[in-house]
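Hi everyone, thanks for coming. Today I'd like to walk you through some charged side chains and the partners they pair with.

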Amino acid sequence: MTASDKITYLDNNATTAIDPAVLEAMRPYLEKYFANPSSGYRFAAQVRDAIEKAREQVAALLGCEASEIVFTSCGTESNNTAFHSALETRPECKHIVTTAVEHSAVRKPTQELGRHGYEVTVIDVDKSGRLSLRALADAIRPDTALVSVMWANNETGVIFPIEEIAEIARDKGVPLHTDAVQVGGKIPINLREVSLQFLSISGHKLHAPKGVGALYVNRRSRFHPLILGGSHENNRRAGTENSRFNRRSRKGRGDCAGEIIGGATRVRTLRDRFEKSAHRKNPKRAHKWRQVRRVCQIPPASCSTTSNRTRALMMLDQENIVCSAGSACRTGSLQPSHVLSAMGWLTSKPAAVCGSLSAGSTTRRTSIARSKSFRA
């Protein structure tokens, strides 16, 4: 099966097709303007100028200054860079706060840090995937190095109140990181009005090429790079710059917001129609999602067993309908979804979580370094 076949593609959370305008804007920098942007001659300056224009466009999308954008290779690198910087600039702090439903690009770093002596507090969610702000505030301590909470969940679409979480973290004097991979380009963002330190996005989730990501670093925050070497990205990320993240036209923040709102309205209408139809056919599986704020592009559905889920995906694939049972990063895993487990939708928990975290409370605290049974 190829993209030229007649397929129904329903897996845009995993990746999106490159926008034709983006592809055309990239092409000259792959074929004609191929110089190393860090070189000193005019041929390279054209590439360097294109990268800076792209930086301005990402800043317009996020409502921040261009100087606050660091280009990376992906959302995962952005997340790891944020963790590394926060911990390196606060070496006396050995505590991290995160949630039970984070993407593996946040879960795995926290687990690894736990094995190196950090204490990790994991905040549970309720059956609708919502987070208790009281539990989050109570979990933050004087030795907390970082709070990391995703802006929207990649499996359920539930949006966390990052604006309120940012206020809590600011009042506690603790830096906040948010994995915004699933909201970048999907909901309006204005970081000039949100007091956080780090935000991660990924290009291939919003019709840009794979291998391109960005990290927002608040200009008032101390920063320590993850990748060392040359002076690229204003000494914040070493390595020859990737010139592929370039758009043909420069757009202001107003244009970006208008596109986002218009697109979200159209996609939300399709999502709601799909969910209403599915719930009519199977009311026992209906969930009161309308009571929960969600991103527009994720319509969750559930199967009674893992075998039924696998069978359904195989049948859909035979009909050229492309969809997933969870994050693409977990494909092949035999463990149940940690997101649905945290929400109490599954009767069994992943063995890795059971080995280290105690269930039954809103806040689960674990010093992973002391847990011999914990495995990533």
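This is a predicted model: local features need pLDDT of at least 70, side-chain atom pairs count only at pLDDT 80 or more; totals for chains, interfaces and linings use all residues.

Let's begin with the general idea: side chains of opposite charge can pair when their charged atoms come close. How many salt bridges does the count come to here? It comes to 14.

Our opening pair is Arg55 and Glu52, whose side chains meet in a salt bridge at 3.0 Å, N to O. Where do these two residues lie? Both belong to helix H2, residues 42-62, and they sit three residues apart, about one turn of the helix. Now, is Arg55 buried or exposed? Its relative accessible area is 7%, and buried means under 20%, so Arg55 is buried. Glu52, on the other hand, is partly exposed, with a relative accessible area of 35%.

Next, please find helix H6, which covers residues 162-172. Glu167 and Arg170 both lie in this helix, three residues apart, again about one turn. Their side chains form a salt bridge at 2.6 Å, N to O. Glu167 is partly exposed at 31% relative accessibility, and Arg170 is partly exposed at 47%.

Some bridges share partners, too: Glu24, Arg27 and Glu31 are joined in this way into one network.

Last pair for today: Asp143 and Arg141 meet through their side chains in a salt bridge at 2.9 Å, N to O. Asp143 is partly exposed, with a relative accessible area of 28%, and Arg141 also counts as partly exposed, at 22%.

How values were computed:
Residues are numbered from 1 along each chain as its sequence is written. Side-chain values use heavy atoms; hydrogens and water are left out. A salt bridge is a side-chain nitrogen of Lys or Arg within 4 Å of a carboxyl oxygen of Asp or Glu. Helices (H or I, at least four residues) and strands (E, at least two) are DSSP runs, numbered from the N terminus. Buried means under 20% relative accessible area, exposed over 50%, partly exposed in between (1.4 Å probe, protein chains only).
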